[in-house]
Amino acid sequence: MRDVAAAAGVSVGTVTYHFGSVQEILSEAMVPHIERYYAALSEAAAQAAGAAEALRLLVDALFTEDTDRHWRMWFDYWNAGDQDPDQAFARGQAERYEAWHTQIRELAERVVAEGEFSSEDLDGFTVRFAALADGLALQRLRQAPPLSTEDARRHLNRLIETELRRRS
């Protein structure tokens, strides 16, 4: 709280008057960014000619030279939930992650419905896609081992090709 107050040029009392916890401050700062980021991903996917292109655009948008800031915020946001568990904060985190899973699942459903791919486990695909995207993002940020934007995209696209079988 002291760091936030100092950065804002106000007293600690002013910060604690307006915010009940560090998590509340983080939510106010990060949630609008996170929601704009995922809304832009949805918008890009909605503009695609078909679901397969939309899925490709989603993968491309997840890993660009400009997304490192988003991923840093995303991981900071998730880490903050472990610092001092606040039920409202935890619910907000769960709702955002659920919305992300829903976005992935709906896109995978569209790809299958349009007939280009098939799948018997869209729930599993959704979990694995989100987990791989998070893991690749963390590896890309840490560069341990080094991971390029192109390689991160290639890994996600391979997951799609493996999990969602292309129909002949």
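Is R56 buried, partly exposed or exposed, and what is its relative accessible area?

Modeller: Please keep in mind throughout that this is a predicted model. R56 has a relative accessible area of 39%. Buried means under 20% and exposed means over 50%, so R56 counts as partly exposed.

The partner of R56 is D60: the two side chains meet in a salt bridge, with a distance of 2.9 Å from N to O. Both residues belong to helix α4, which covers residues 51-62. R56 and D60 are 4 residues apart in that helix, about one turn. D60 is also partly exposed, because its relative accessible area is 21% and the limit for a buried residue is under 20%. As a general point, side chains of opposite charge can pair when their charged atoms come close.

A second pair is found in helix α8, which spans residues 149-163. Here D151 forms a salt bridge with R154, and the closest N and O atoms are 3.2 Å apart. These two residues are 3 positions apart, again about one turn of the helix. D151 has a relative accessible area of 28% and is therefore partly exposed. R154, at 47%, falls into the partly exposed class as well, since exposed would require a value over 50%.

A further salt bridge links E161 with R166, where the closest N and O atoms are 2.8 Å apart. E161 is partly exposed, with a relative accessible area of 38%, and R166 is likewise partly exposed, at 42%. Salt bridges may also share partners: in this way R56, D60 and R153 are joined into one network. In the whole structure, a search finds 12 salt bridges, among them the pairs R56 with D60, D151 with R154 and E161 with R166.

For contrast, consider a residue in another helix. T126 is found in helix α7, residues 122-142. Its relative accessible area is 5%, so T126 is buried, whereas R56 is partly exposed at 39%. Leaving aside residues up to four places away in sequence, T126 touches H101, I104 and R105.

Terms used
Residues are numbered from 1 along each chain as its sequence is written. This is a predicted model: local features need pLDDT of at least 70, side-chain atom pairs count only at pLDDT 80 or more; totals for chains, interfaces and linings use all residues. Side-chain values use heavy atoms; hydrogens and water are left out. Buried means under 20% relative accessible area, exposed over 50%, partly exposed in between (1.4 Å probe, protein chains only). Contact means heavy atoms within 4.5 Å. A salt bridge is a side-chain nitrogen of Lys or Arg within 4 Å of a carboxyl oxygen of Asp or Glu.
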